Amino acid sequence: MSGEIAVLVNPTARGGRSRGLLAPVLERLRRDGAEVSVILGESAQDALERACTAVAEGPDALVAFGGDGLVHLAVQAVAGTDVPLGIIPAGTGNDIADALGLPKNALAAADVVARGRCRTVDAARIGQDEWFASVLCCGFDSRVNERANRLSWPPGMAKYLVAMVQELRSFTPIPFRIDLDGEVIEREAMLVAIGNTRSYGAGMRVCPGALPDDGLLDVTIIDAGPRGRFLRAFPKVYRGTHAGHPLVTMRRARKVTLEAPDAIAYADGERIGPTPLTCEAVPGALRVLS
């Protein structure tokens with residue numbers, strides 16, 4: 001690729017440990033003559049506004065250098081446009097890059113961007129103006145996220161383990177109402193996950209059969225049950241082997257409406273907000289360098 005590349009950077013990815021990778025990545029992107037600019041925002045909102053401005057100018061690619069949170073932000077800027085999305089996985093969780101078959105090594109991922117080969121995939125739209133690329137979750141896992149975001153210690157992924165243990169002590173099943181293309185399911189559940197791709201949370205394969213280009217959303221429901229039974233089932237999510245568990249229901253739909261009292265949803269690891277909300281698969285909404 002020898003055109004214009006805008007690189008959206010999260011300098012705090014991996015606790016700042018990824019910053020040393022940025023200069024070699026930029027050098028690799030410039031090697032074939034590309035004009036590379038770097039986007040750094042003073043806040044997430046500022047970074048999004050700068051990314052949208054860059055995309056409006058029609059670069060040959062917008063590249064996210066960071067983890068799933070930064071990719072989520074980049075998706076808001078490029079979804080529904082002709083500007084391809086490149087991903088340099090440099091975060092703690094890189095589930096979107098993994099689902100797209102991208103290399104884990106930053107320089108190898110930069111080579112993918114430099115080659116400029118595009119693949120068209122789906123994205124999921126929440127309401128009218130929010131997008132996600134991997135998984136939207138609501139229930140036990142989103143409450144763990146809420147709790148973890150309030151912790152100042154320990155750092156990194158360790159705080160999610162602490163938050164999980166704390167949440168287990170007080171969590172009670174949530175009454176969900178789930179509309180799947182007009183079919184309504186009402187039941188108490190521990191969590192509901194809606195996947196455009198298979199995993200979230202740095203490798204939790206909660207929707208193991210989800211494909212990013214089938215025009216459908218995979219829905220995983222883990223029903224209410226005794227706490228011990230849930231604890232035996234939940235670790236299976238990391239391997240994607242929970243599909244046959246008695247507490248687990250898996251469905252597919254193009255459009256999903258989720259309602260639950262006092263429940264917060266997260267998508268691509270980012271806080272979306274309270275339900276009710278409606279998610280819809282939008283085929284071909286993203287062009288990705290892959």
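A search of the whole structure finds 12 salt bridges, a salt bridge being a side-chain nitrogen of Lys or Arg within 4 Å of a carboxyl oxygen of Asp or Glu. This is a predicted model, in which local features need pLDDT of at least 70 and side-chain atom pairs count only at pLDDT 80 or more, while totals for chains, interfaces and linings use all residues. Residues are numbered from 1 along each chain as its sequence is written, and side-chain values use heavy atoms, with hydrogens and water left out.

R28 lies in helix 1 (residues 19-30) and D111 in helix 5 (residues 106-115), so the pair ties together parts that are 83 residues apart in sequence. Helices here are DSSP runs of H or I with at least four residues, strands are runs of E with at least two, and both are numbered from the N terminus. R28 is buried, at 12% relative accessible area, whereas D111 is partly exposed, at 26%. Buried means under 20% relative accessible area, exposed over 50%, and partly exposed in between, with a 1.4 Å probe and protein chains only.

The second pair is D98 and R198, which meet in a salt bridge at 2.8 Å, N to O. D98 belongs to helix 4 (residues 95-99) and R198 to the loop between strand 9 and strand 10 (217-223), so parts 100 residues apart in sequence are tied together. D98 is partly exposed, with a relative accessible area of 31%, and R198 is partly exposed at 22%.

D223 is buried, at 16% relative accessible area; R187, at 29%, counts as partly exposed.

I turn now to strand 8 (residues 174-180). Which of its residues form the covered face? They are I174, F176, I178 and L180, while P175, R177 and D179 make up the uncovered one. In a regular strand the side chains alternate between the two faces of the sheet.

Strand 8 runs antiparallel to strand 9 (residues 183-195), joined by seven bridges; strands count as paired if DSSP finds at least two bridges between them. With strand 12 (residues 255-259), strand 8 pairs in the antiparallel sense over four bridges. R177 stands opposite E186 in strand 9, and its bridge partner in strand 12 is E259.
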